Amino acid sequence: SQTKKSLFSDPRSVWFISSPSCVMFLWHTVKWADSLLIFITFSVRSQDIRNTVGNIPMEWYKDYPHIGYDLEGKKIFKPIRNKDELDEFLDKMENPDYWRTVQDKMTGADIRLSDEQVDLVHRLQQGKFGDVNFNEYEPAIDFFSNEVMIHPVTNRPQDKRSFIPSLIEKEKVGKLVHAIKMGWIKPHRPKETTPQYYDLWAKEDPNSILGRHKMHIPAPKMKLPGHEESYNPPPEYLMSEEERLAWEQQDPEYRKLSFLPQKFACLRAVPAYSRFIHERFERCLDLYLCPRQRKMRVNVNPEDLIPKLPKPKDLQPFPTTQSLVYRGHSSLVRSISISPSGQWLVSGSDDCTVRFWEVSTARCLKTVEVGGAVKGVAWNPNPSICLVAVSYDDTVVLLNPGLGDRLVCTATDQLISSYEEPEEVKDQPVQWAVAEGEGHEQGHRLILKHPKAVRQVTWHGKGDYLACVMPDNGNSLQVVIHQVSKRRTQNPFRKNKGLVQCVSFHPIRPYFFVATQRYVRVYNLIKQELTKKLMANCKWISSMAIHPGGDNVICGSYDCRLAWFDLDLSTKPYKVLRHHKKALRSVAYHRHYPLFASGSDDGNVIVCHGMVYNDLLQNPLIVPVKVLKGHTITHDLGVLDVTFHPTQPWVFSSGADGTVCLFT
Amino acid sequence: MFSISSLFFFFCEPPVEITDVYTVSICELIHASHRRLCILKGIYPHEPKHKKKVNKGSTAPRTFYLLKDIRFLLHEPIVGKFREYKIFVRKLRKAYGKAEWSGVQRMKENKPAYKLDHIIKERYPTFIDAVRDVDDALSMSFLFSTFARTGKCHVQTIQLCRRLSVEWMNYIIASRSLRKVFLSIKGIYYQAEVLGQTITWIIPYQFAHDHPTDVDYRVMATFTELYTTLLGFVNFRLYQTLNLVYPPKLDGQGEFSLKSECEEDYALESESYSEKLSALSASLARTVPLVEDEEAELDLFPAEGEDLEKMEAREKIELEQNEQKKLFEGLKLFLNREVPRESLAFVIRCFGGQVSWDKSLCIGSTYDETDETITHHIVDRPTIDKQYINRYYIQPQWVYDCVNGKILLPVEEYFLGVTLPPHLSPFVEESEGDYVPPEKLKLQALQRGEKPQAEDDEEEEEEEEEDDDDEDDQSEDEDEANLAEMEEKRAQGKSLSVKVTPGKVKPENRMRAEQEEKAEEKRLAIMMMKKKEKYLYDKIMFGKKRHVREANKLAAKRKAHDDSNKADKKKKKKKKC
């Protein structure tokens, strides 16, 4: 049959068929010429000693005397092999057929290969077919060709499924039909007929612009390049070595230029810019990740920002030049005060002296030594009394300098000596003592011993009351008011809130101002109650002055501010001036002229025009008119005290350099 | 000030941690393609007024979008298309996995596509809006067209970008609307005025890109998708305004009707047309034939006062522009092979010049190097072997400087092997107080029509001056020596008697006094400024001072450089002597 022919068309199988018992092994052994030899032996055997162990590795019988079993089940014993190496060698030398002798592993016998067999081995080794006559290039005969054969190739009857319609296929087709009916499946997507680009804005309809388009902020365009980006920039745009180093060390985010300017001799030499794609990418990121915001660019002329103020020239008189310097103190002058007539000046210094000067000549008329660094001096404002209060350590001394009208001086002495002890002596916080002996000669009249160091003394306008400040945190006794004529002392406040910095009497009404670190409290002395609390908006008030009209207060502070309060307006400052560079030490109002001055650690005295109008609707006008410089800064201290002349537009200032200056 | 009306913010940046249920639902929907949508729709984040309030007390930097913007995104039909595409990709992957090749084929045929036309229309409701915003589109398109056709993005995108950018360049040539060119170290900047809008774009130098790894090309690709659409529509409309055929066709009457020989070697049959277009050497076909001297004169309206002045100014500018447009007219230039051909051809053609190059360099050359009528030969190498007598051999910077200067500059400074004068940025407009480089001053003088002084004369003069200075110095030295002698004599004689010299009357300088007074007034007024205004004032003054400082620094640097140069020259001369 046809199948048989195909099977035997292989020449190797043809050859094996001659040994029918080996057909079983046929497929396993085709490729291996080595194992082929075994089968060759079978085919040549004359006597039929057949080993029945089958195709097993023969080394399994290595340790046994036999090598297998024959057809009758008897052991086949290994042939006796007692050839040693020498015999082997001799055999090799002598036996001409040694090379064609092989050992049959199955029987252990030596077999001499015949010429045909040797030839066959050679042919197989060369990869040729075993059969000499086999033509490997025979023309192929197609089984299934266009020629109709009379006999079928296979005679198998057809399956049943070949003439029963498939259910699975039916289901599939049904699904497809359904999908086509529903329009889910389309043979081809309909081709686009519109061109890729067309006139998109053919019908520009302004009504179709969305509302949101008006809110849209278009992205700003990229910055245009400057000269430094040129491939051949002017030499000044190239970076010097230091600039380059600085540029390299800078964080890329903070660099002013994102690239190093470079110069190339010709266009040919310009290389590719390595960050080009980066920059494009960053632009993309900016476009879609940067929050956009419309910002109004401040486009103002800086000159317009400067307020239009009346010219200082039109606001004269005010002190403009330094005309006199009062020298004599060897240490810083903490406090100065002027007599109500304006003829004398008293100054207290850290060198434990109080000096009296004639204002017009700058002559020191009198020097009074006291027992400590003088913290404060205050001339009695009453012109009929000639008395100066001097505070040092915990003592306040009332001096009669004996200057000016002799009648006044004697009247003052009489006033003090005419004191009569009251019948019932009250326990007072301060000890009053009358100066005697040498002190009396120097001018000391009354000595007031306080429990603590006194920082400031100030007189009431009438000249009978004297207020002293003893700053102490957390103690009730910080402010005391003395009545000189009755030698009586009051402690007005049962309890003080905060550290009292300075106090002042109202010039007209019975009010009393107490400045603590941050607030100024205004007390009504008759009603004995708090009327106002002014918020200074500064860290630490240093000084305070009351306008002679009584409705305005200025406060200087250590954080360089000067606050002007309008008591009728608010408890907050009407205006805060920051014109000093350093801490303010002292402020003062002029008694008649609309002037006020402030002295500061930066060595300047700034005189301002501060006009207060009678009209309640009009706010005070404040104009700085002059910066006066005259003191040298010593130990980081400049001007310590300023005070105005009572009648003239003159200002006195005392400084840390031990001088007092008069500006006229 | 821009105010945000609805203060419903939420941020949409991973990690998303939203507690509000309402916002979660929105965010889930959009999160996947959020970035892409925002780019396409032009949605940008907003900076909330009260950042802490919105951010639940945290001050960490986060991106906030307006809720209404996000809602607006959700209404976009393209969201559906994106979803479709996502599903398509998933199905395709599955089909591949199952090796259903017919299915794959079918799916690929039915690949969902989307168009961005409506988005462009919505973002740019009027044509002029689109033109205004075309800057970035151009830069991006030019960049993408220089990419290699492998790797970073689809070949189709690159081809489209190339096509659009060539179309754009052809339009600029046809409309002659190029105004400024700048050779920077980053690339070449071009500025054109299209329909009254100033448009600037940058083209990198022709090198292979070293693609950075820290750049997200997907973002760039999304932008490019949008930009190519925009640019296509803009080009179409622009071509229409000039009565040009779109897509561009070469003018049939030109030299190109004859097929050149080397064409086949240069490009494939399919590509040769686009290559010829991109050679930029031929004019484009028009739908309506161009009539010469078509320039319609403006109707003159009687105007008075300010209007008249304005009109005159406008006319003057127009005249100048017209002249600039014809800058290179009548010139015949030839490009040597080492110069950037495309850029130069583009610029020269924009200003009416004729340009050609070697046949083997690029397709579309119109005449040979041997042409006797060539006026300028652009070379970028120190020497050239064979030189023709009747033409100038100049360096490429000349062309660009001429364009920026709006006049034909003298060619002497641009000859072969000559050190080039600095190339200045045409985009810098110096206001008062700014530093102006001397080259710019020179150029301005040239523009005004003043003739530059011969440099040699200047130098000689300077030298003479310097000699004078030396003499002065010598005389001063002598004076000093005399004085010293006198003093010595005095010291020796020791007959110094105390002298009282009559005091001199200090002349009161009234001007000075006045100035001082004014200065003091100002100082005092500054004291009275409010805190806020003072801050602003200080800031402005600081900025001004810094400006002045920088200008001074530049000037000083330049002076030092010039001085050192002069010294070098002197030395050389002395050596020669």
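How many aromatic pairs are there over all chains? The count comes to 38, where rings of Phe, Tyr and Trp (its six-membered ring) pair if their centres lie within 6.5 Å; planes under 30 degrees apart are stacked, over 60 edge-to-face, the rest tilted.

A word on the source. This is a predicted model: local features need pLDDT of at least 70 and side-chain atom pairs pLDDT 80 or more, while totals for chains, interfaces and linings use all residues. Residues are numbered from 1 along each chain as its sequence is written, chains are lettered from A in the order written, and side-chain values use heavy atoms, without hydrogens or water.

Back to the rings. Trp201(A) and Phe127(B) make a tilted pair, 5.3 Å centre to centre, with 55° between the planes. That pair crosses between chains. Trp201(A) is buried, at 1% relative accessible area; buried means under 20%, with a 1.4 Å probe and protein chains only. Phe127(B) is buried too, at 5%.

Now the interface. Here 92 residues of chain A contact 121 of chain B, contact being heavy atoms within 4.5 Å. The buried area is about 9,200 Å², 63% of it from carbon and sulfur atoms. That is accessible area (1.4 Å probe) lost on putting the two parts together, summed over both. Trp201(A) returns here: with Tyr197(A) and Tyr288(A), it supplies 10% of the area chain A buries against chain B, more than any other three residues.

Charges next. The interface has 12 salt bridges, each a side-chain nitrogen of Lys or Arg within 4 Å of a carboxyl oxygen of Asp or Glu. One of them joins Arg280(A) to Asp136(B), closest N and O atoms 3.7 Å apart.

Note on methods:
Helices (H or I, at least four residues) and strands (E, at least two) are DSSP runs, numbered from the N terminus. Buried means under 20% relative accessible area, exposed over 50%, partly exposed in between (1.4 Å probe, protein chains only).
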